[in-house]
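I am opening a new notebook page for this structure.

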Amino acid sequence: MSAFKSYKTTCSYCGVGCGIIAKKDPKGVITVEGDPDHPVNKGMLCSKGMNLHHVVQDKSDRILYPEMRWSKGHDRQRVSWDQALDRAVSVFSTMIDKYGSDSIGFYVSGQCLTEEYYLVNKLTKGFIGTNNIDTNSRLCMSSAVVGYKQALGEDSVPVAYEDIELADCFMIAGANPAWCHPILFRRIEAHKEKNPNTKIIVVDPRKTQSCDIADLHLQILPGTDVILYNAIAKRLIDRKRIDKSFIANHTDNFEALKASLQSVSLTEAAKTCGITIAEIKKAASYIGDAKGFITLWAMGLNQSSIGVNKNNALLNLSLLTGHIGKPGSGPFSLTGQPNAMGGREVGGMANLLAAHKDLSNDHHRREVSNFWGGKEISAKPGLTATEMFDALESGKLKAIWIICTNPLVSLPNANKVEKALKNAKFVVVQDISHRSETVEYADLLLPAAGWAEKEGTMTNSERRVTYLNKVVDPPGEAISDSEILWNFARRMGYKGFDYSSVEEVYKEHCILTKGTNIDISGLNYNRLKVEGSFQWPVPENTHSGTSRLFENKRFYTDTGNAKFVVPRFTKPTSEMITEKYPLILTTGRVRDQWHTRTKTGKVNRLLTHIPSPYLEINRVDAYLHKVKDGDIALVESKRGKVQVKIKVSDAINKGVVFLPMHWGKVLGNDFGRANNLTTNIVDPISKEPDFKFSAVRVTKF
Ligand code: SF4
């Protein structure tokens, strides 16, 4: 018998959701390998996933015990869990009594497990009595949520990864899956290798590694996506390459879309987008010829002042061609975080309610508050991510509880976030690592268990719910986020938090989904452990999950039809470039780093790929701005400045510069901190920030 113990779990990084087998030797040392039986990755892992064991084993940065400061001028001191939680209860109760429930907020993460997400929502919306609970998923996929809701009636990804091998045309828009969703990309790559006639269109202002397999790279100017998708839609309609029967029988609002496209000129569109008319025609012909057409998109669409409109315009292409609810077809939003989807299922945002119920619906709110047995849930949406920090800065929000996220690096306009945290009356940070820059501002610091140190579930981009095993005990006095939350709730005197296990939280969440479109009442821990992962809905305990949605062509809208939404803006509403700030800054990820590097930044192997931040700039712009490869440049926007090394490149459009989003401020050094520069502009509906478009200037430092 092997001395090793094996545990099935899921990668804690991106939304691809690869299955992992963690092995523990008798001394407690763990190693990881891809799970060959997992339907997502079939044994493969990318560089980040295959180095996860180093993250767990290196305890040097871990927060080991609760710390607290008695007042703002004092250093934090080690305290017991009792002292820490008593302080949290005392401060939060005082704030609520004095300023009302809306004076406090919770800011959480798409890396939280579903059970943790469920608990913090229940606590905030159902018992404290405020909807001020938002998440870093607001920065990631909130535009896609609105797009899906408007077109399909609900936030529902219709596609499965198994559709990849059935498609013959892909449009990868505003995404670089080769680096950001590597195992998903490997599947597309392998499919293309086997089926060379498969067409791949990449839409991106940068020539990324994802373009290596592209038949067509539409290197558009930032912010012009809607114009491009509308031009393709017009071409499809004019050339009669649309699915008339699907449109007539299963959609609404086609005539309005058609009328709105009347004035679209391919010549004008090509000019505005910075591409050729022939390229637009080619994209339309690839899509028009396809038997299976999948769109894949990520932050290039979502992180925009017109993110919802970009989503609308792209979704229209799937509806026009009837490529939804059938094999190898559909619009597929790629989630950046491992459990962004699970968070949406439990209503983990300021404008959502648990189990995909509607916060604005009186009946739904009553149903959920009766189920929880707490307070009446307010109909008023809470503060979103950026609004919460604006409110801290202005003093409207008094206290914030930050869980598993590092807003000081990840939110736009970092200098403003810094001011907001300084101005807060009370900041709780619940996390695993001292590497999070936000820890510096914690008045109360709570040590949480990390990946492999707790059990729970997550849902990946294709609606697949997976169980994560606990492999090792957390270090020091760290405990799971669920335990921290229910211990706090009990001390606040709230009924309904008497859980003795995380499984009980999961069961409660499943019951609440019964009868909804995301019904997982047929899915329990035992099935997940024994049978593996499942795609929702799973309404019965004999149900095997739902690979593809809408195969019956019944959508979740009132009419049962999918809806064409006419994008309201066709022009960017981003910050304007000026003579003083003539370049467009766009930010994004690099292959081997994850978010704010609190985990990947401590793995030496992951630092060999790209060890430090850089500003990618076109050769012509480098010449015009008098910088050369390897120079240290000063990059400035209206909000701040940053020094960074120059990387001259032909892969980026003239007029555009790129800076990775991962680097923060270490020991006062903010070399390459991209969010010193980014703007506060958000999409008016989704409230997702415009990370891909800030006006900057570049000079030699
Ligand atoms: Fe993890 Fe994503 Fe890499 Fe898979 S592709 S191993 S989920 S980071």
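I started with strand 8, residues 169-173, in this predicted model. I asked how many of its residues are buried. Five of its five residues are, so I logged the strand as mostly covered by the cut-off of 20 or more other C-beta atoms within 10 Å.

I then checked the two faces of strand 8. Cys169, Met171 and Ala173 lie on one side, and Phe170 and Ile172 lie on the other. Both faces are covered.

Next I looked up the pairing. Strand 8 runs parallel to strand 9 (residues 199-203), with five bridges joining them. Strand 8 also pairs with strand 12 (residues 293-297), in the parallel sense and over five bridges. I followed Ala173 into both partners. Its bridge partner in strand 9 is Val203, and in strand 12 Ala173 stands opposite Trp297.

I moved on to the domains. The protein is divided into domain 1 (5-57), domain 2 (67-139 + 338-499), domain 3 (142-334) and domain 4 (583-700). I noted 35 Å between the centres of domain 2 and domain 3, taken over C-alpha atoms. Their contact takes eight residues from domain 2 and nine from domain 3. On the domain 2 side I found one nonpolar, three polar and four charged residues.

Last, the ligand. I listed 14 residues around it, the closest being Cys11, Cys14, Cys18, Cys46 and Gly49. Helix 1 (47-50) and helix 7 (182-194) are the elements that give two or more residues to this shell. By class, I logged nine nonpolar, four polar and one charged. Why does the ligand lie between domain 1 and domain 3? Because both domains give residues to the shell around the ligand.

Conventions
Residues are numbered from 1 along each chain as its sequence is written. This is a predicted model: local features need pLDDT of at least 70, side-chain atom pairs count only at pLDDT 80 or more; totals for chains, interfaces and linings use all residues. A residue is near a molecule or strand if its C-beta atom, placed from the backbone, lies within 6 Å of it. Helices (H or I, at least four residues) and strands (E, at least two) are DSSP runs, numbered from the N terminus. Ala, Val, Leu, Ile, Met, Phe, Trp, Tyr, Cys and Pro count as nonpolar, Asp, Glu, Lys and Arg as charged, and the others, Gly among them, as polar. Domain bounds come from an automatic or database domain assignment. Two residues are in contact if their C-beta atoms, placed from the backbone, lie within 7 Å. A residue is buried if 20 or more other C-beta atoms lie within 10 Å of its own, exposed if 12 or fewer, and partly exposed in between; C-beta atoms are placed from the backbone. Two strands pair if DSSP finds at least two bridges between them.
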